[in-house]
Amino acid sequence: MSTSNRVAREGISAGLIGASAIAVWFAILDAISGHLLATPTMLGRSIASLFLANAEPSTAAAFLGYTILHFALFTAIGIVFAWV
């Protein structure tokens, strides 16, 4: 197995584990407060406000957009750390 494949595999794994841990932490805190999925929805709306003029995304779109961004960024950071 080549080194680049190993680095990519380990980076992706580390990124997905880290992103999942943070997502579970958000879910626990939101469940305790009684507002399930409030944190990723709020963060998704905040990020969407940077790119959408005056339109506000739906709750599902905000949640999905943030979740995709969250996992993609953690995966990219995991690959960088594995490469280092």
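User: Where is alanine 53 found in this chain?

Analyst: Helices are DSSP runs of H or I with at least four residues, strands are runs of E with at least two, and both are numbered from the N terminus. Alanine 53 lies in the loop between helix 2 (38-51) and helix 3. The model is predicted: local features need pLDDT of at least 70, side-chain atom pairs count only at pLDDT 80 or more, and totals for chains, interfaces and linings use all residues. Residues are numbered from 1 along each chain as its sequence is written, and side-chain values use heavy atoms, with hydrogens and water left out.

User: Is alanine 53 buried or exposed?

Analyst: Buried means under 20% relative accessible area, exposed means over 50%, and partly exposed lies in between (1.4 Å probe, protein chains only). Alanine 53 has a relative accessible area of 75%, so it counts as exposed.

User: Why does threonine 41 count as buried?

Analyst: The same cut-offs apply. Threonine 41 counts as buried because its relative accessibility is 8%. This residue is found in helix 2.

User: Which residues does threonine 41 touch, not counting residues up to four places away in sequence?

Analyst: A contact means heavy atoms within 4.5 Å. With residues up to four places away in sequence left out, threonine 41 touches Thr59, Ala62 and Phe63.

User: Where is the place of leucine 73, and is this residue buried, partly exposed or exposed?

Analyst: Leucine 73 sits in helix 3 (residues 59-83). Its relative accessible area is 47%, so leucine 73 is partly exposed. From leucine 73 to serine 4 the C-alpha distance is 19 Å, and the two are 69 residues apart in sequence.

User: How many helices and strands are there in the chain?

Analyst: The chain has three helices and zero strands. Its radius of gyration is taken over C-alpha atoms, and the globule rule is 2.2 Å times the number of residues to the power 0.38. For 84 residues that rule gives 12 Å, whereas the chain has 15 Å, well over that value, so the chain is more spread out than a compact globule. Along its principal axes, the C-alpha trace spans about 45 × 35 × 15 Å.

User: What percentage of the residues of the chain count as buried?

Analyst: Of the 84 residues, 19% count as buried. Among contacts between residues at least 6 apart in sequence, 52% join residues at least 24 apart.
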